[in-house]
Amino acid sequence: MNIFTSPEELHAWSIEQKRLGRLVGLVPTMGCLHEGHLSLIREARRHADVVVVSIFVNPTQFAPNEDYAAYPRTEAEDLRLCEAEGVAAVFLPTPELMYPPDASTWVEETRLSKGYCGAQRPIHFRGVCTVVAKLFNLAAPDVAVFGQKDFQQVAVIRRMVRDLNFPIQIIRAPIVREPDGLARSSRNRYLSPEARATALSLSRSLAEAKAEVDAGERDAAKLEGEIRAKTSAAGWIPDYVTVADADTLVPLQTVRPGASVILLACRNGTLRLIDNVLL
């Protein structure tokens with residue numbers, strides 16, 4: 001397995017893979033890899049001949065009051081997992097290599113990024129789009145895989161790829177959940193045993209809403225109200241709970257089966273978790 005720290009090394013390697021006729025798959029991560037990330041790597045391997053995993057805690061998507069410094073970093077274990085999954089190359093840059101001191105160029109999507117998590121974290125998606133565009137330029141992937149748990153992020157990246165004509169297929173891989181239903185997340189390690197137990201209200205309320213839709217319920221406001229009540233009763237206060245169009249993220253009054261998603265973000269003290277379910 002190749003380990004690259006400089007952008008130039010990664011780019012040269014990727015161009016050589018393409019010269020050899022190999023399809024390149026990219027899985028961008030911030031490290032602290034878990035089963036959710038490994039499922040993305042496996043999905044990339046189904047669509048590409050060689051897979052690149054980037055491990056980079058991107059400072060530009062964190063606001064000053066967020067957990068950039070405390071974000072979990074487990075580089076040695078991450079590399080072990082990548083090698084076990086047959087990853088061809090891992091990209092481990094430093095912020096200094098990715099962002100020159102006088103960097104003054106940003107990539108910003110201005111519609112899908114503005115609501116939901118974008119409303120709570122105004123600079124977040126600008127940082128995401130900028131770093132992902134840089135990774136696309138460096139790795140030159142044919143396919144890039146992102147997880148459904150970050151539903152808004154995938155929608156924003158798909159829009160960026162469309163609008164900027166990146167010749168890349170974006171794959172949205174399903175959410176990987178714990179046996180009890182909690183969506184896998186690197187931030188789950190912050191949960192106390194009590195918070196971990198009550199956090200199940202997020203996935204359970206979403207699953208119950210989906211069951212209602214499967215049984216014929218179409219009133220978005222009714223579903224949203226029920227989810228808010230259930231998560232709030234468990235101590236998780238919603239930032240948002242919205243039934244939305246799965247492509248445009250526009251809020252819906254009436255569920256459109258096959259084209260809708262329920263998006264939610266909830267807080268418990270300083271902890272914040274997101275989840276979603278396709279309808």
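Predicted model: local features only at pLDDT ≥ 70, side-chain atom pairs only at ≥ 80, totals over all residues.
**Helix H6**

Let's start with H6 itself, which covers residues 124-139. H6 has 16 residues and runs 22 Å from its first C-alpha to its last, close to the 22 Å expected at 1.5 Å a residue. Not much of H6 is left uncovered: 13 of its 16 residues are buried.

Two packed helices are described by the angle between their axes and the distance between the axes.

| Pair | Angle | Axis distance |
|---|---|---|
| H6 (residues 124-139) and H7 (residues 151-163) | about 55° | 11 Å |
| H1 (residues 7-19) and H6 | roughly 50° | within 7 Å |

With that angle, H6 and H7 are oblique to each other, and their crossing is right-handed. On the H6 side, the residues involved are Phe125, Val128, Cys129, Val132, Ala133 and Phe136. Across from them in H7 sit Gln152, Gln153, Val156, Ile157, Met160 and Val161. Sorted by class, the residues of this H6–H7 contact come out as 10 nonpolar, two polar and no charged.

Now for the other pair. The axes of H1 and H6 cross at roughly 50°, so H1 is oblique to H6. The class count for H1 with H6 is four nonpolar, three polar and no charged.

**Two positive phi values**

Most residues other than glycine have a negative phi. Which residue just after H6 takes a positive phi? That would be alanine 140, with a phi of about 45°. Alanine 140 lies in the loop between H6 and strand E5 (143-147). Is alanine 140 buried or exposed? Its relative accessibility is 16%, and the cut-off for buried is under 20%, so alanine 140 counts as buried.

Tyrosine 116 also has a positive phi, near 55°. You'll find tyrosine 116 in the loop between helix H4 (95-98) and helix H5 (117-120). At 12% relative accessibility, tyrosine 116 counts as buried.

**A buried threonine**

Last stop: threonine 231, in helix H10 (residues 220-233). Its relative accessible area is 0%, so threonine 231 is buried. What does threonine 231 touch, leaving aside residues up to four places away in sequence? Its contacts are Ser201, Leu202, Ser205, Trp236, Pro238 and Cys266.

Key: Residues numbered from 1 in each chain as written. Heavy atoms only, no water. Helix = DSSP H or I, 4+ residues; strand = E, 2+ residues; numbered from the N terminus. Buried < 20%, exposed > 50% of the residue type's maximum accessible area, 1.4 Å probe, protein only. Contact = heavy atoms within 4.5 Å. Axes fitted to C-alpha atoms, helices over the stretch in contact; angles between N-to-C directions. Parallel < 35°, antiparallel > 145°, perpendicular 65-115°, else oblique. Left-handed = near helix turned anticlockwise from the far one by under 90°. Nonpolar A, V, L, I, M, F, W, Y, C, P; charged D, E, K, R; others polar. Expected span 1.5 Å × (residues − 1).
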